[in-house]
Amino acid sequence: MPETHCPRPTTTGSRRAVFAGVGVLALALSACSGSTDPGDDGDVELRFSWWGSDARHEITQTVIDAYEAKNPGVTITPEYSDYGGYWDKLATTVAANDMPDVIQMDEKYLREYAGRGALLEIPESVDTSAIDPAALGIGHMEDGLFAIPAGINSFVVIANPAVFRDAGVELPDDSTWTWDDYDEIARQISENSPSGVYGAASMGSWDAYLNYFARQRGESLYTADGELGLSVPTVTEFWETVLRRSQDGLTPPPSEIVEDLTATVEQKVFAQNRQGMTAADSNTLNSAMTASGSSELVLLRPPSLTGKASENGAYYKGSMFWSISSRTEHPQEAAAFVDYLINSTEAAEVMLAERGAPPNSALREAIADLVSDADAATLAYIDEIADEVGEVAPPAPVGGGNTSEVLSRYLAEVLFERQTPAEAARAFIDEVNAGLG
């Protein structure tokens, strides 16, 4: 009989739980009664949960059908919802000791679930040899590998060539440009464009931008041991930069910046073709093209302080992950399904780049001719920066899922000058630290 996998105890200490107030670690460390033996009829049922759009649901169901056809006796029951409802439901199932066998996981909650014993260390039977090492490291915690990226992306600047042309400004050499170059280009576009058109957006992914800002200064949003890795001077400089760009007209006024925080992709200023540049994850290029009606948007590397692309702080980020419940009764079968998701050409040809660029470089090559032009550009970009990416950013610690919301609030405080950059920096750090652990 195959060995039943039980979670190892951790020494993470007292932390603020998100699992409906229930100590998941205690549940996970209770008597391991699970068995890898199938039922009397020889069949195995795996529950598989994910969040996403209707299109993702349809694609994933097609993959499930293909896997079941190749593996008689294995039934995979889908459980899916929108993003917000997904986490409420998952917390409830964990608290009830009824977690799905295979879970789509988010980096924001990876340490939370792994640290409390809810996730199984990925078995060695899952072949990770074809996964880019820089991508595989994203799912590593202190105690082992608990998640494998379902897709990867990287923080980019998305440029609208039409806005550049109308302003008489050339696209930059993104392998050598600096943030000074970025500001000068944004200034030229704003000055040479009609009122209401700006050189740049005030960034589209604030926590990612802050992390890059910090990485270029020898810091990071979080540390490997689950702490906030930012200093007051760095966050103060960050807020000063954001405020200066808005006041100088390089980016929109405060009201538009704040409105963009909650706007849909279609409602954002960039989608109205009123900004030369924005910043986001690389796998958003397709939606940006659709929203703006422009098929010529291009991906650019983020600028650096030194003009060297290898020093711009770039890293591979997991768009989402595959994890396995520590309480699964069928760890071998769950591992086999995860192996199929990350290594099967058949699965890749169905999912394409819907969850981001496949972390398996061979699969990226296999689907390159099957994806849309936007996704093909994204796959090419991921390969292009392979020799430039640095160490992965540590995942959010327990309580780190709220950082983005806190960051947005202090953004408004700074832009509307209700707090100075220095005041907002201290308050932001204090509030985030209070919520961690």
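Predicted model: local features only at pLDDT ≥ 70, side-chain atom pairs only at ≥ 80, totals over all residues.

Modeller: Residues are numbered from 1 along each chain as its sequence is written, and side-chain values use heavy atoms, with hydrogens and water left out.

Biologist: How many helices and strands are in the chain?

Modeller: The chain has 17 helices and 11 strands. Helices (H or I, at least four residues) and strands (E, at least two) are DSSP runs, numbered from the N terminus.

Biologist: And what percentage of the residues count as buried?

Modeller: Of the 437 residues, 55% count as buried. Buried means under 20% relative accessible area, exposed over 50% and partly exposed in between, with a 1.4 Å probe and protein chains only.

Biologist: Now to H9 and H16: at what angle do they pack?

Modeller: Helix H9 (residues 232-247) and helix H16 (residues 403-415) pack at about 50 degrees, and their axes are 10 Å apart. Axes are lines fitted to C-alpha atoms, for helices over the stretch in contact, and angles run from 0 to 180 degrees between N-to-C directions.

Biologist: Which residues make that contact?

Modeller: H9 contributes Trp 239, Val 242, Leu 243 and Ser 246, while H16 contributes Leu 407, Tyr 410, Leu 411, Val 414 and Leu 415. Contact means heavy atoms within 4.5 Å.

Biologist: What covers the buried residues of H16?

Modeller: The cover includes helix H8 (206-215), H9, helix H10 (254-262) and helix H17 (421-435). Among the buried residues of H16 are Leu 407, Tyr 410 and Leu 411. Just after H16, Glu 417 takes a positive phi of about 55 degrees.

Biologist: Let us switch to H2. What is its reach?

Modeller: Helix H2 (residues 54-70) has 17 residues and reaches 25 Å from its first C-alpha to its last, close to the 24 Å expected at 1.5 Å a residue. The expected span is 1.5 Å times one less than the number of residues. Buried residues of H2 include Arg 56, His 57 and Tyr 67.

Biologist: Lastly, where is Gly 293, and is it buried or exposed?

Modeller: Gly 293 is in the loop between helix H11 (285-292) and strand S10 (298-300). Gly 293 counts as exposed because its relative accessibility is 68%.
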